[in-house]
Amino acid sequence: MANQEDNAQFLARTPLYQLGVELKARLTSFGGWEMPVQFSGISREHEAVRNTAGMFDISHMGKFTLQGKNLISQLQPLVPSDLSRLQAGQAQYTVLLNPQAGIIDDIIVYYQGEDTSGTQKAFIIVNAATSGKDKAWLLQHFDLDKVQFQDLSPDKVLIAVQGPKAIKYLQPLVQEDLQPIKAFGHLEATLLGKPAFLARTGYTGEDGFEVMLDPDVGVELWQTLHKSGVIPCGLGARDTLRLEAAMALYGQDIDDITTPLEAGLGWLVHLDTKGDFIGREVLAEQKAKGVHRRLVGLQTQGRNIARHGYQVLSTGKVVGEVTSGTLSPTLGYPVALGYVPTQLATVGQQLEIEIRGKVYPAVVVKRPFYRSKNRVAN
């Protein structure tokens, strides 16, 4: 017990931590943070996001603001996606790559446009556990005489309000009209009378907004939404929701030895429309020759859940590994992601997964496992 207490002392806590304690959330260690894994139960929280609205404290994520002349041209060599296509108020999900085209992290770039002096501004949201290495990587590659970099991670709260009724709960608190905002659109707004940044993005496969604001306003927003009926959600439901939507988890489904083409993120790689970028040669070669392995969706029978690290087999021979798996609350059967050789990655391919010493049949299925009818267009 003493060890657990000692470990807890080293875990960071968000400004909303105490609200979780008051709601008797079950807490866990995640990426160096002490975070709620569940409040009222994973199934209930998952169902709330799929049917009404749930909210997540995601303040642990890294939040960087960048500004400078030619900012986009400084960002372009660091990602495989063509950021020059972004208009003010649009965002791009993309990846930072190392020279081997391995994924340093998956990030979202929110482009805020250019002012009359020609200064461009953007927010970047990164994963909590990789925030330090991402910051170091960006600072290493920027011309710091031309780019102003600010780490807002400790100073801002981030709350994800997700679900088909998210906008219904948020709109009365926001001065600006949220309805016209498209998927991956964002705006600076007035929320509860205070400045806030709202983006129609999320990690659940549902419609919703991620809201960045000062800690005191974040506490007020959380309490206000809770009183109006929005269900507090933890990391457990966040994981089942993102897995149904086949969204990659950094450190499990993607990492710095996985390329976007192997991970099924080829739509982020714009070889034809942009110039040189870190990892381009590797990706161009993979595009020309094909990749040796692919991330696929897997479905098992009954209630046999394939977990991270379980072996994938073909005719009794180990051919790959499960990266994420759960019993899908929405679909009622187990789903998983895993890497297999390209020749075994076709939808309909019969495979097996070793689960607790026994081998069970599995089949490669289309991703995502679940597609919401409530998502707005880009």
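Biologist: Let's start with Thr201: is it buried or exposed?
Modeller: Bear in mind that this is a predicted model. Thr201 sits in the loop between E11 and E12. Its relative accessible area is 4%, and the cut-off for buried is under 20%, so Thr201 is buried.

Biologist: Which residue does the side chain of Thr201 join in a polar contact of 2.5 Å?
Modeller: Leave aside the neighbours within four places in sequence, and Thr201 is in contact with Ile108, Tyr110, Gln162, Phe184, Gly208, Phe209 and Glu210. The polar contact of 2.5 Å runs between side chains, and the partner of Thr201 there is Glu210.

Biologist: Are Glu206 and Arg50 buried or exposed, and which residue is linked with them in a network of salt bridges?
Modeller: Both Glu206 and Arg50 are buried. They also belong to a network of salt bridges, and the other residue linked there is Glu244.

Biologist: What about Asp151 and Lys135: how far apart in sequence are the parts they tie together?
Modeller: Their side chains meet in a salt bridge of 3.3 Å, N to O. Asp151 is in strand E8 (residues 148-151) and Lys135 in helix H5 (residues 131-141), so the parts tied together are 16 residues apart.

Biologist: And how do Asp151 and Lys135 class by accessibility?
Modeller: Buried means under 20% and exposed means over 50%, with partly exposed in between. Asp151 comes out at 22%, so it falls in that middle class. Lys135 has a relative accessible area of 28%, so its class is also partly exposed.

Biologist: Glu262 and Arg293 meet in a salt bridge too. Which of the two is buried, and which is partly exposed?
Modeller: That salt bridge has an N to O distance of 3.6 Å. The pair links distant parts of the chain, 31 residues apart, with Glu262 in the loop between H8 and helix H9 (280-289) and Arg293 in strand E14 (residues 293-300). At 25% relative accessible area, Arg293 is partly exposed; at 11%, the buried one is Glu262.

Biologist: How many residues in the lining of the largest cavity are nonpolar?
Modeller: The lining has 2 polar and 2 charged residues. The nonpolar count is 8.

Biologist: Last one: which elements give two or more residues to the lining of the second largest cavity?
Modeller: That cavity has about 50 Å³ of space. Phe56, Cys233, Leu235 and Arg238 are among its lining residues, and by class the lining has 7 nonpolar, 1 polar and 2 charged residues. The elements giving two or more residues are E2, strand E3 (54-57) and helix H8 (235-244).

Notes. Residues numbered from 1 in each chain as written. Predicted model: local features only at pLDDT ≥ 70, side-chain atom pairs only at ≥ 80, totals over all residues. Heavy atoms only, no water. Nonpolar A, V, L, I, M, F, W, Y, C, P; charged D, E, K, R; others polar. 1 Å grid on protein atoms, 1.4 Å probe; cavity = no way out; pocket = protein on both sides within 12 Å on 5 of 7 lines; lining within 4 Å. Points joined across faces, edges and corners; volume = space filled by probe spheres on them. Helix = DSSP H or I, 4+ residues; strand = E, 2+ residues; numbered from the N terminus. Buried < 20%, exposed > 50% of the residue type's maximum accessible area, 1.4 Å probe, protein only. Salt bridge = Lys/Arg side-chain N within 4 Å of Asp/Glu carboxyl O. Polar contact = N/O pair within 3.5 Å; in protein donor to acceptor, adjacent residues only side chain to side chain. Contact = heavy atoms within 4.5 Å.
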